[in-house]
Amino acid sequence: MARDPARRASVPPEIDDERGVDAPVRIGILGAASWIANRAVIPAIEESPWCDLVAVAAARGPVPPGIAHLDAGGYEAVLADPRVEAVYIPLPNGKHRHWVERAAACGKHVLCEKPIGVNRADTAAITAACDAAGVVLAEAWMTAFGTRWQQVIASAEQGCIGDLRHIRAEFTFVSDPDQGNYRWDPELGGGALLDVGIYVLGAPVALWGAEPDQVYASRRVGPTGVDTTTSAWCDWGDGRSASLLVSFELPERQRLELVGTTGRIVVTGPAFTGGELATDYEQEGPDGIATVVPVAGDDPYRRMLDAFGRAVRGVEPWPRSNKEVLAFSTLIQRVQDASA
């Protein structure tokens with residue numbers, strides 16, 4: 001589907017009748033001053049033929065100049081705008097439930113930053129609200145839309161390294177608690193596990209499911225009361241296990257290693273947020289010799305927005321069902337509980 005370059009500027013304030021399968025989904029943003037919204041998601045909306053940005057609001061700080069002409073004046077105004085069919089929510093984790101439920105009550109489809117809920121109960125309430133309203137609920141975890149990620153998971157599933165026995169995953173970086181970052185605020189759903197746990201758990205869940213037989217975990221709690229480092233070991237039975245590490249206080253590192261009976265796959269540089277730079281990974285055979293496997297780099301955010309638009313238009317379902325999102329949230333809570 002080709003985008004009409006003039007279409008964005010010509011979207012009228014009233015609802016038009018262009019709602020066929022080829023019509024871009026009209027999106028509003030709750031939290032337009034968010035770094036991730038401006039750095040990645042808004043550019044992806046601009047590039048996607050499946051989406052149009054028509055209204056924004058920012059509660060903290062001004063709406064960025066590039067989209068200031070779309071300022072609706074507040075979150076409720078975005079939700080009340082009849083042009084808006086769907087909303088993107090990049091708010092702090094602790095605010096997700098309220099605004100997803102409000103969006104669902106207004107009949108808006110939702111693309112919400114990960115994690116959708118700060119615990120299983122919140123996630124269950126959010127998914128139930130969206131199911132009841134009949135709206136699409138999409139968790140904005142972009143990694144799973146990257147070509148490299150999909151190729152790595154497919155290679156493991158197809159037995160390219162034999163029977164997969166162990167997965168090691170790390171996502172660590174240093175964050176300053178004195179910068180007013182919501183990641184350090186327990187009331188806003190802060191903590192390393194909630195922030196980046198989805199990345200390190202993504203591969204084992206994709207390959208073995210979200211219900212390991214056993215979960216063991218340890219954490220270090222920082223001065224604000226959130227976990228600054230969490231490590232975990234999960235056992236899926238039959239010799240299948242995963243070791244995981246997330247942190248706000250360890251040197252920056254993203255690494256994924258899949259170990260099978262005839263070799264291993266190693267993804268680095270960075271493993272989860274490489275985006276268009278995610279152009280290769282290493283595959284090691286039984287002789288211990290590693291081969292670099294090239295991959296076409298792409299923008300996983302753009303692919304995520306394309307998928308969201310297609311899901312809203314009913315062209316194809318969103319790849320992660322609400323049931324799967326709830327199962328993943330349950331696993332993250334199991335890790336939290338095991339480390340308490």
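## What counts as a cavity

On a 1 Å grid over the protein atoms alone, a cavity is a set of points where a 1.4 Å probe fits but cannot get out, while a pocket is an open set with protein on both sides within 12 Å along at least five of seven lines. By this rule, there are 3 cavities of 30 Å³ or more. Please keep in mind that this is a predicted model.

## The largest pocket

Let us start with the open spaces. The largest pocket has a volume of about 1400 Å³. Its lining is made of 46 residues, and those closest to the centre are Ser34, Trp35, Ile36, Arg183 and Tyr301. Two or more lining residues come from each of helix 2 (35-47), helix 4 (96-105), strand 6 (164-174), helix 7 (192-208), strand 10 (249-260) and helix 8 (300-312).

Which element gives the most to this lining? That is helix 2, with 5 residues. By class, the lining of the largest pocket holds 23 nonpolar, 12 polar and 11 charged residues.

## The second largest pocket

The second largest pocket has a volume of about 390 Å³. Around it are 18 lining residues, with Trp141, Ala144, Ala206, Pro319 and Arg320 nearest the centre. Helix 6 (147-157), helix 7 and helix 9 (322-339) each provide at least two residues of this lining. The lining of the second largest pocket divides into 12 nonpolar, 3 polar and 3 charged residues.

The largest cavity has a volume of about 130 Å³. It is lined by 15 residues, and Thr143, Gly146, Trp149, Gly275 and Ala278 are the closest to its centre. Helix 6 gives the most to this lining, with 3 residues. The classes here are 7 nonpolar, 6 polar and 2 charged.

The second largest cavity holds about 100 Å³ of space. Of its 15 lining residues, Pro115, Gly117, Glu139, Ser329 and Ile332 are the closest to the centre. Helix 7 and helix 9 each supply at least two residues of the lining, and the largest share, 6 residues, belongs to helix 9. This lining has 8 nonpolar residues, 6 polar and 1 charged.

Helix 8, one of the elements that line the largest pocket, has 13 residues. From its first C-alpha to its last it reaches 18 Å, close to the 18 Å expected at 1.5 Å a residue. Why is helix 8 described as largely enclosed by the rest of the structure? Because 10 of its 13 residues are buried, where buried means under 20% relative accessible area. Among them are Tyr301, Met304, Leu305, Phe308 and Val312. The cover over the buried residues includes strand 1 (25-30), helix 2 and strand 2 (51-57).

Both ends of helix 8 have something to show. Aspartate 299 caps the N-terminal end, with a side-chain oxygen 3.0 Å from the backbone nitrogen of tyrosine 301. Just after the helix, glycine 314 takes a positive phi of about 80 degrees.

## Aspartate 81 in its loop

Our last stop is aspartate 81, in the loop between helix 3 (75-80) and strand 3 (86-89). Is aspartate 81 buried or exposed? Its relative accessible area is 11%, so aspartate 81 is buried. Its side chain is joined to that of arginine 83 by a polar contact of 2.7 Å. Not counting residues up to four places away in sequence, aspartate 81 touches Ala55 and Lys108.

Key:
Residues numbered from 1 in each chain as written. Predicted model: local features only at pLDDT ≥ 70, side-chain atom pairs only at ≥ 80, totals over all residues. Heavy atoms only, no water. 1 Å grid on protein atoms, 1.4 Å probe; cavity = no way out; pocket = protein on both sides within 12 Å on 5 of 7 lines; lining within 4 Å. Points joined across faces, edges and corners; volume = space filled by probe spheres on them. Helix = DSSP H or I, 4+ residues; strand = E, 2+ residues; numbered from the N terminus. Nonpolar A, V, L, I, M, F, W, Y, C, P; charged D, E, K, R; others polar. Buried < 20%, exposed > 50% of the residue type's maximum accessible area, 1.4 Å probe, protein only. Polar contact = N/O pair within 3.5 Å; in protein donor to acceptor, adjacent residues only side chain to side chain. Contact = heavy atoms within 4.5 Å. Expected span 1.5 Å × (residues − 1).
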